[in-house]
Amino acid sequence: MYRTLDDLPWRDASWLATANRWIDGELARVGLTPAGPREQPHVRPWSTVLRVPTSDGDLFFKAVWPPQAHEAALTAALASWLPGFVPEVIAARPTTGWLLVRDAGRRLREILKEERDGARWRDVLARYAEAQIRLAARAREIVDLGVPDYRPAVVTERFAELLEDSRALRVGLPDGLSSDELVRLRALLPRFRSWCGSLATSKIEPTLEHNDFHDGNVCLRGGDYVVFDWGDACLTHPFVSLRVALRSIAHTLDLASDGPEIARLRDAYLEPWTAFASRRQLLADLQPALILAAACRAFSWRLVVSELAPPLLNEYADTVTYSLRDMLELGEAAFT
């Protein structure tokens, strides 16, 4: 387990030298030359990023820790399956979780803060839904890349396992669940099984879900919206996407989460799916999908905290609890 960031390889001189040699070799392979010093603007337990100036603009090198190393293979596959949907991949080394990609452009978050208008999100959400529709046929390939399988048909046992993970739940600790919350979550399990059962028989098939789809992970390059940072991705019901996305929009634009603009953006996402089911059915699927979404975020954070020990763990110890409390609130509201 990692106690501090220094326990990880990201700042180790030997590791950085090896990474830079690989970068240099890939630049030479594609006919690019270095054009300045490299910076390391991002260091997290799960990944690090280097900015790589070249003769043809900036590239970015990303390294991901072993539990999420599938991000490299998945991003490379998405670049092949859906050109323009993810950053242009210059090179990938899936065995080490390494990626070298072109600059994806300006983040949507900064654009929205200037424009104060959700119109761009309507395009992003519709395009994202269309990509998910196309990727549904590649479900087996996606899982074979190492992407976690959180399909409604199989996910309930994973949730049951999580409720027995005392280290992740931290029951009774200041940053953990209370004993009462754990009792209520266990009481929710049969209903969760029922909701997942209804999603499993839905006309909307499981597909790739980013699982952290917010305006900090979308960029505008030219006229294309590019989605990046796929380390939390999973195979699940597509409507899981809306939990993080709509919250992100409401937060950035200071909108009411139940207001008309959020409803319009929700509908922009759902519109491509009307080719498969009625709007009424789509809306019926949405509520259990949002409950499933909270579980999917809890699973991702459980993966993180399972690799950490204090004091580094202390920065992330409440993340599983936060998602489970959200799940509890949504789940109990659904049958009151």
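Trainee: Which residues have the most contacts inside the largest nonpolar core?

Mentor: They are F61, L100, F192, W230 and L324, in a core of 107 residues, where a nonpolar core is a set of buried Ala, Val, Leu, Ile, Met, Phe, Trp, Tyr and Cys residues joined through side-chain atoms within 4.5 Å. Buried means under 20% relative accessible area, exposed over 50% and partly exposed in between, with a 1.4 Å probe and protein chains only. This is a predicted model, in which local features need pLDDT of at least 70 and side-chain atom pairs count only at pLDDT 80 or more, while totals for chains, interfaces and linings use all residues. Residues are numbered from 1 along each chain as its sequence is written, and side-chain values use heavy atoms, with hydrogens and water left out.

Trainee: Switching to sheets, in what order do the strands of the 5-strand one come?

Mentor: The order is β1-β2-β3-β5-β4, in an open sheet with antiparallel pairing, where two strands pair if DSSP finds at least two bridges between them. At the edges stand β1 (39-43) and β4 (89-93), each of which pairs on one side only, and the twist from one strand to the next averages 15 degrees.

Trainee: How many bridges join β1 to β2?

Mentor: There are 3, and β1 runs antiparallel to β2, which covers residues 47-54; V43 has T48 in β2 as its bridge partner.

Trainee: Which strands does helix α1 lie across?

Mentor: Helix α1 (residues 13-29) lies across β1, β2, β3 (57-64), β4 and β5 (98-102), at about 45 degrees to β5, whereas helix α2 (residues 70-81) lies across β3, β4 and β5, at about 145 degrees to β4. Axes are lines fitted to C-alpha atoms, for helices over the stretch in contact, and angles run from 0 to 180 degrees between N-to-C directions.

Trainee: What about the sheet of 3 strands, and why is one side of β6 and of β9 left without a neighbour?

Mentor: That open sheet has the order β6-β8-β9 with antiparallel pairing, and β6 (106-107) and β9 (224-227) each have a single partner strand, so one side of each has no neighbour in the sheet. Strand β8 (residues 218-221) pairs with β6 over 2 bridges and with β9 over 4 bridges. C219 in β8 is the bridge partner of R107, and C219 also stands opposite V226 in β9.

Trainee: How many residues sit between β8 and β9?

Mentor: The two strands form a hairpin with 2 residues between them, and G222 in the turn has a positive phi of about 65 degrees. Helix α4 (residues 119-135) lies across both β8 and β9, running at about 60 degrees to β9.

Trainee: Last one: is S248 buried or exposed?

Mentor: S248, which is found in helix α9, is buried, because its relative accessible area is 10%. Apart from neighbours within four places in sequence, S248 is in contact with W121, H214 and D215.

Definitions and conventions:
Contact = heavy atoms within 4.5 Å.
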